[in-house]
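Hello,

Here is the structure I promised to pass on. Please open it alongside this email; my notes follow below.

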Amino acid sequence: MLIDEKYLEQKWQSLTIQDNFIFSRVMEENPDLCRQMIEMILNVKILRLDYPEREKTIESRLDSKGIRLDVYVEDEGGERSFDLEMQICDSAYLAKRIRYYQGLIDVDRLKRGQHYGKLNESYIIFICPFDHFRRGRHMYTFRKHCSQDPTILLGDGTVKVFLNTKGTLDDVSAEIKNLLEYIDKNIVADEFVEKLNTAVRDVKSMRKARLDYMTLEMYVMEREMKSEERGFKQGIEQGIEQVALKMLRKGKSLDEISDLTEVPIKRLKELAENPD
């Protein structure tokens, strides 16, 4: 199975901060930039960020769907946690995806026997190069409140934020607009974005980062190739079985059909009993 290394090299050179790998590595290598970005987006003050796990993966059960978080950090003392996700593809199920992320983050944090009060404040931020809600906002922030009286907040300590690089309204600060413009079009418009752009270049110049990316991409490509091969083989097998089924309908013997198509007699009997 051949992998086009030239293609991978060209892809690496063309990557921007919109790529999950680059975004994650930049945030991990530059905790101060990560902290400043979170402060800018949420309008909060953070003294220091901790990385409990690099490339944090969460699985609640062996048969459940696990998640791999782009950037998961906590402030000093773990009173608040922040998950930043570079979400490139729009989906009708984006809100349910963020719900699932929140659930698994909570399950991962609360150990057996611990009180619910141990759950910290949790912020999940999806950065999107599209307007999922189609309202022109650069930022959509969600907190749970009472339908009968919106002034009553549930107070469960969870906040979900969707950033939209395609926003048109004047609804956020100039700094956030500059950040989103950089993510969307790679335009450098202020000092913070210049630092971010330099960090992206630094990561792309790292030999280890390049090798890690190449290894990951080769794994993904090989998996896709194997999946295509399995699909092709399955298609051929289904086509042969359709021919065998037609021969059954014409009254050919099982031995004759099996000899011509190489479909096992046991399978031919199954097709005869369930032709649909």
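Strands here are DSSP runs of E, at least two residues long, numbered from the N terminus. One of them, strand β4, covers residues 71-75 and holds E74. Please keep in mind that this is a predicted model.

Is E74 buried or exposed? The relative accessible area of E74 is 13%. Buried means under 20%, so E74 is buried. The side chain of E74 makes a polar contact with the side chain of Y72, at 3.3 Å. E74 also sits 5.6 Å from L49, C-alpha to C-alpha. In sequence, E74 and L49 are 25 residues apart.

**Helix α3 against helix α6**

Two packed helices are described by the angle between their axes and the distance between the axes. Take α3 (residues 31-42) and α6 (residues 191-204). Their axes come within 11 Å. They cross at roughly 140 degrees. The two helices are therefore oblique to each other. The crossing of α3 past α6 is left-handed.

Which residues of α3 and α6 meet? On the α3 side they are L33, Q36, M37 and M40. On the α6 side they are F192, K195, L196 and A199. By class, this contact between α3 and α6 has six nonpolar residues, one polar and one charged.

**Helix α3 against helix α5**

Helix α3 also packs with α5. The axes of α3 and α5 come within 9 Å, and the crossing angle is roughly 120 degrees. That angle makes α3 oblique to α5. Here, too, α3 passes in a left-handed crossing. From α3, the contact uses M37, M40 and I41. From α5, it uses E175, I176 and L179. Five of the residues in the contact of α3 with α5 are nonpolar, none is polar and one is charged.

**N178 in α5**

Helix α5 spans residues 174-185, and N178 lies in it. How accessible is N178, buried or exposed? Its relative accessibility is 18%, so N178 counts as buried. What does N178 touch, leaving aside its neighbours within four places in sequence? The contacts of N178 are then I187, A189, D190 and V193. V193 falls within the residue range of α6, 191-204.

Best wishes

Conventions. Residues are numbered from 1 along each chain as its sequence is written. This is a predicted model: local features need pLDDT of at least 70, side-chain atom pairs count only at pLDDT 80 or more; totals for chains, interfaces and linings use all residues. Side-chain values use heavy atoms; hydrogens and water are left out. Axes are lines fitted to C-alpha atoms, for helices over the stretch in contact, and angles run from 0 to 180 degrees between N-to-C directions. Helices (H or I, at least four residues) and strands (E, at least two) are DSSP runs, numbered from the N terminus. Angles under 35 degrees count as roughly parallel, over 145 as roughly antiparallel, 65 to 115 as roughly perpendicular and the rest as oblique. A crossing is left-handed if the near helix is turned anticlockwise from the far one by less than a right angle, and right-handed if clockwise. Contact means heavy atoms within 4.5 Å. Ala, Val, Leu, Ile, Met, Phe, Trp, Tyr, Cys and Pro count as nonpolar, Asp, Glu, Lys and Arg as charged, and the others, Gly among them, as polar. Buried means under 20% relative accessible area, exposed over 50%, partly exposed in between (1.4 Å probe, protein chains only). A polar contact is a pair of N or O atoms within 3.5 Å; within protein, one must be able to donate a hydrogen and the other to accept it, and residues adjacent in sequence count only if both atoms are side-chain atoms.
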